Amino acid sequence: MRGRIASIELARPTYRYLAFVEVKSDVGDTFRLPMTGTVAQWLRVGQRVHLSTEKAQPGFDAYRLRTARVVVWPLFEKVYTLERRSLFSDRVLYRYRLRAREARYERDYAAIVELEQYHYASRARVLAHWYCEQCGIYRMANARPDCPAGHGPMRFYDLKDATRASRFLVLELLDRQPYEPEVVGYVRIDPPLPLLHRRRPDGSLDQDIRRRIFPPDWFDHPFQPDPDVPPEAWWEEQGKELARTRSPVARLARVVVHPDYRADGLGVQAIRCMVDWVRTRWIPDMRLPKRAIETVAQMARFHPFLEKAGFFFLFETGSGRPALYLPLDETARQAITHFLQADRLARAHGGRLYQARFTPVEPLNGPIVLHQVTKIYRSQLNLEGLAAPVRAALEAFGVEARDLETYVFRRVNLRLEPGTVNVVVGASGSGKTTLLRLLIGAATGRTEPLYRTDEGEIQMPGNVRLQALIPGEVEPALGRQPVLEALYQITGDAALAIEVLNVAGLADAVLFRAPYAELSTGQKARVQLAWALAHRPNLLLIDEFAAHLDPRTAARVGRKLAELARRYGITLVLVTHRPELLQVLEPDAIYLVGYGTLFRADELPELGLFIKEPYASLLVEGKKTWEIRKHPTRVRGRIGIVSGGKLIGTAELRETRGPFSVETLAAHADKHLADTETLNAYARGRPLYAWVMEHARRMEQPVPVPRRPGHQMWIRLRPQDKGSQKTLRQEDKAATSTETSLGRQR
Ligand SMILES: [Zn+2]
């Protein structure tokens, strides 16, 4: 039905979330509509409106109201999905679902105050006013205080820095984990600033610069309450201004994203939600369609998200802050384009303000090659000097003084390509950290036994710039320095320091100022990562990556780090206990470490060996370790086990033993599981050899392999590595001979 606004009731302490608008229909009915005062105060008594409702006294959710041109109620609300994709493969790594809606409830404003604290709060700067309904007192505080007279939590009154013209959009995180916040961001929209000058490089001013860029009447009716009125008149003074304010330009006064989510695209998403809101509802004044959005924000120098969301930097204000504009229609777009072409100063920056400070590193000038590397862990166990009960306990387990010697790796070959993301997984104590230590030793020349190989060699490119983080062993000493200061000492560039903190998942100004020693374990781990990146390494080794981060934070940090490494040429070796991170890291190679072995888990072995049943299955199940053949072999390392036309598992070929007579082999039947009759038939009087296999494992999914006619001993499972050509040529002879595996004789 059509009608007019008859009255607007704003109750002062609660106006942000409660007001009433009375509408008198053209046929004489009167409706009292509950609404938020933040919206209601922009309406005018006498204004023509359309109302749809079934009820005479509708509740908040039981009516729709629009002016002649724009929807007023219900408030804007829309659900968005933000997909985080891999730059590498374009795969969706994970997604956020967000509900953007105009602030409506008192709790929305409490959440806004909480978010605001991460940005601006300090003792000197109090963010919000609160009041007690029962005693009528007001308090200023950065978090909801309790009434000093014991009336419980005080109620929200207003944000200290906001004006009555300010409107708020909150971003709710949907499908969240129990440990995640409900509101992860908010945007505040105001009318444009009353007057803006441009400061030229020589310090002189261009007065009222916007009138030279945009149609001048766009800024004719700003919101500009007289700041000199006495405090008791301030509310009324703002009300008068609300009545006359209108502009096709909206001002983005704040965009605040929870620090844990900031570096993950939620800033850009918040801007996109805001644009939908401003466009469809003509925020804030609801009087003119919006053609552009203005923002004056120092942080635009340090964060790219405004420009990523479509803002253009146009000029520096008289106080030296950057002013940026987002065009919403063709008129604004042309005005901006024209200014950027025609104005000499604007042409020089081309609309761009933010510059990424992290630039490509000089990549490793060759691969890191491990050749036949063996590392033995030695320790001497001596029970003397232990407390008697400890000694007794150890002795009860049969532990006595002795020298321990175990192979961490045995004759391992490995090749890490420059600029790749490598992940090392394996059980604790399996040798993952040892691998990092050996790489550190090779890169730095450290000579302690832990950092050196026992046999074999590691070739390290000559231009290596290493950073490594091994908790409790190799880590920066940051002490009580504020985090940002510590990083500035390294980079000499505050913007770069902020950028590496962002990559590490720290985007919180409060954290920047905090002394390192006061941070939580998870925050320290992220500062250490930023510290390592600040040195611009081309090789970065991290042990226990993300061990102290919750799963969502770990995923965000992992994604950013892998992206940075790929974009800027850093070779990354991450040890992690968390297989779920493989999803976001999308490693170029995954290495599995455990019990003396180390191999690429995401790649087939180079060679597969044909073995007859039942021996192939017995081998991959670890029931036998000797494969009996008529010849020795030079092949070493991880091989595939092929049976029945399929790759069914892998094993490590350690060595060849023999020659043996059948009689001698019979004494080792537990290792090869063949009976004497079978061995005799196979040997035909000639000596036999045992190929010793270790670390056999069955593959979860057998892989079909192509068959060729004739007898085959080996099959190539993947393209040849250069280094192994020689070995294979020698084996080729055997492969073309008539030799077959043991079982084939029968
Ligand atoms: Zn009270």
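**Note on the predicted model**

1. M286 lies in the loop between α5 (259-281) and β17 (292-296); helices (H or I, at least four residues) and strands (E, at least two) are DSSP runs, numbered from the N terminus. Although M286 is not a glycine, its phi is positive, at about 60 degrees. M286 is buried, with a relative accessible area of 5%; buried means under 20% relative accessible area, exposed over 50%, and partly exposed in between, with a 1.4 Å probe and protein chains only.

2. The model is predicted: local features need pLDDT of at least 70 and side-chain atom pairs count only at pLDDT 80 or more, whereas totals for chains, interfaces and linings use all residues. Residues are numbered from 1 along each chain as its sequence is written, and side-chain values use heavy atoms, with hydrogens and water left out.

3. R411 is found in strand β21 (residues 402-416) and counts as partly exposed, at 34% relative accessibility.

4. Two cis peptide bonds may be checked in turn. One joins W73 and P74, with omega about 5 degrees, and P74 lies in the loop between β6 (71-73) and β7 (77-85). Another joins E613 and P614, with omega about 5 degrees; P614 lies in the loop between β29 (607-610) and α17 (615-620).

5. Six strands form an open sheet of mixed pairing, in the order β30-β33-β32-β31-β29-β34; two strands pair if DSSP finds at least two bridges between them. At the edges are β30 (626-629) and β34 (714-716), each of which pairs on one side only. Within the sheet, strands β32 (residues 646-660) and β33 (residues 688-704) run antiparallel and are joined by ten bridges. L647 stands opposite V703 in β33.

6. The count of disulfides is zero, where a disulfide is a pair of cysteine sulfur atoms within 2.5 Å. Two cysteines may be noted for their burial: C132 is buried at a relative accessible area of 6%, and C273 is buried at 0%.

7. Overall, the protein has 21 helices and 34 strands. Its radius of gyration is 35 Å, whereas a compact globule of 746 residues would have one near 27 Å; the radius is taken over C-alpha atoms, and the globule rule is 2.2 Å times the number of residues to the power 0.38. The C-alpha trace spans about 115 × 65 × 60 Å along its principal axes. Of the 746 residues, 52% count as buried.
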